Amino acid sequence: VMASSVKKFLSATLFEYETQKVIAISSYKIGLIYRGIQMLIVTYVIGWVMLREKGYQSFETVVSGVTTKLKGLEYTNFTEIPSIGDRIWDVADWAVPPQMNSAFFVTTNVVITKNQSQTTCEEDKDNKWHAKCSSDSDCIKGHVHGLGWGVRTGRCLNSTREEGLRICEIYGWCPTEQDVLPLGEGKILMTRVQNFTVLIKNSVEFPKFGVKRRNILSNMGKNYLRGCNYRPDHEMDKYCPIFRLGDIIKYGQAISPETAKQVWITGGMVAIDIHWECNFDYDEEECKPDYKFRNLEDGHVGRGWNFRHAYHYVEDGVHRRTLVKAYGIQFFISVTGRGGKFDVLNFTMNLGSGLALLTLATVLCDIIVLNIMRKRKKYRQAKIDK
Ligand SMILES: Nc1ncnc2c1ncn2[C@@H]1O[C@H](COP(=O)(O)OP(=O)(O)OP(=O)(O)O)[C@@H](O)[C@H]1O
C-alpha cells in the first residue's frame, strides 16, 4: 500500500508535464481588438517611452554658475529739481549692489535726499500719525519711534512742509527724507533703462558625462558679442547672451500692458530662466541654452519694490550722507536642465517592461472572450478542461 501511494504521489508531482493548450478563435471582432491593443502598447512603448521620454538614455541635471555684467547710460536734465539736476547716471550709480548671486537690480526711479548730517530737525510730515503734537509735552524727550527718523528732543515745532501742522523735533539724519517721486506719481525718471543691456555668463557642467558648456558659444567672436542683442526668432541671435532690459520685460508676458508699464515706474520682479536640454548621443556643440522670461508682478496692492541705501562722506569734518530711495526691477536668474546619453541598463529595463505590457492584450481579450461575447459558453468549455 505504501509503495503504491508513493508512486502515485511521484507521478502526480515529479513525473508530470504541463503544456499550454492553444485555442484559435477566428473572429474579426476579437482579432481586431487583440491587434488594436497590441498596436496601442507598441506605439506607447516606442513613441512615448523610447522616443519622447528617451527611455534608452540615462540623465543628469546641470551644475551651474552665473555672472552678469550691466551696461547703459542715463542722462537726466532737470535743473529745476535740485536733488536730481543735470547729471549722468552710469552703471556704478544705478546698479546696486554692484554684484549679486544669480540676480541683479536696476534702478528706474529715485527719491534722493542730499546732504544729511546728524543734527536736529522736524520729523517728516509722513510720520505725523505718530509725531503730531500740540505742545512740547506731547514730545517725550528721548523717545524713539521705530518708524520715525530719529530720537525726540522734547520740542514741538511748526512744520515747514505742511501748513498748520505741528510736529515733534527729532535728532537724527537731517533734513529728513521727503518721500515724493521727483517727477510726481506715475512718472519714470530713468527713461533709457529699457535700452540698458545685460551680459549673462553661464557655465554649466554635466559631471557624469564629463561635459562642460558655456552660454557664450565657441563660434561667437569679440565683435559679435559687442554688437548682438538677444532675439528669440533669429537663427544666431537667439543664443546671443546680451539682453536689452526692455526686451526681457516684453518677452516676459506681463499680465497686462498696464502691469508691464507699472514695473518701470514702481519696480518689480522678473525671472530669467536658462534651460539646457542636451542630448549627448549627438555632437555636444548642439548643446545650447534656451532662455525664458517671466514677470513675477501681478499688479495688486503692495506692488513694486524699493529700498534705501546711502553714500557717506565727510565734509569740513562733519559726517554726511546722501540717502537714496531706489525703485527698480530685481531680476532673478535660474538655470535648469538635463543631459542624457544612451545607457544599456536603462534601455533594456524600459524595453523589458514595455514588452511585458503586451501580455495585457491577452488578458483583456480573454476577459472579453470568456465573459462578454455571444459564444462565451462554447469558448469557456473549449478553454477549461476539468
Ligand atoms: N551689458 C553689456 N552689453 C553689451 N556688451 C557687453 C555687456 N557686457 C559686456 N559686453 C561686451 O562683451 C564683451 C565681453 O565682456 P567682458 O566683461 O568679458 O570683457 P571686458 O573687456 O572686461 O568688458 P568691458 O571692459 O567692455 O566691460 C566685451 O566686448 C564687452 O564690451
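## Shell around the ligand

In this predicted model, the shell around the ligand is made up of 5 nonpolar, 4 charged and 1 polar residues. Its members are Lys69, Leu70, Lys71, Thr197, Val198, Leu199, Lys222, Leu225, Arg226 and Ile242.

Three elements each supply at least two residues of this shell: strand S2 (63-71), strand S8 and helix H5 (222-227). Strand S8 covers residues 197-206.

## Asn195

UniProt lists Asn195 under "glycosylation site", in an unreviewed entry. The residue sits in the loop that runs between strand S7 (166-174) and strand S8 (197-206).

Asn195 has 14 other C-beta atoms within 10 Å and is therefore partly exposed; a residue would be buried with 20 or more and exposed with 12 or fewer. Leaving aside residues up to four places away in sequence, Asn195 touches Gly72, Arg244 and Gly246.

## Pro175

Pro175 is also placed in the loop between S7 and S8. With 17 other C-beta atoms within 10 Å, Pro175 counts as partly exposed.

The contacts of Pro175, not counting residues up to four places away in sequence, are Gln116 and Cys121. Arg152 is 23 residues from Pro175 along the chain, and the C-alpha atoms of the two are separated by 14 Å.

How values were computed
Residues are numbered from 1 along each chain as its sequence is written. This is a predicted model: local features need pLDDT of at least 70, side-chain atom pairs count only at pLDDT 80 or more; totals for chains, interfaces and linings use all residues. UniProt positions are given in the numbering used here, feature names are shortened, and annotations may be inferred rather than shown by experiment. Helices (H or I, at least four residues) and strands (E, at least two) are DSSP runs, numbered from the N terminus. Two residues are in contact if their C-beta atoms, placed from the backbone, lie within 7 Å. A residue is near a molecule or strand if its C-beta atom, placed from the backbone, lies within 6 Å of it. Ala, Val, Leu, Ile, Met, Phe, Trp, Tyr, Cys and Pro count as nonpolar, Asp, Glu, Lys and Arg as charged, and the others, Gly among them, as polar.
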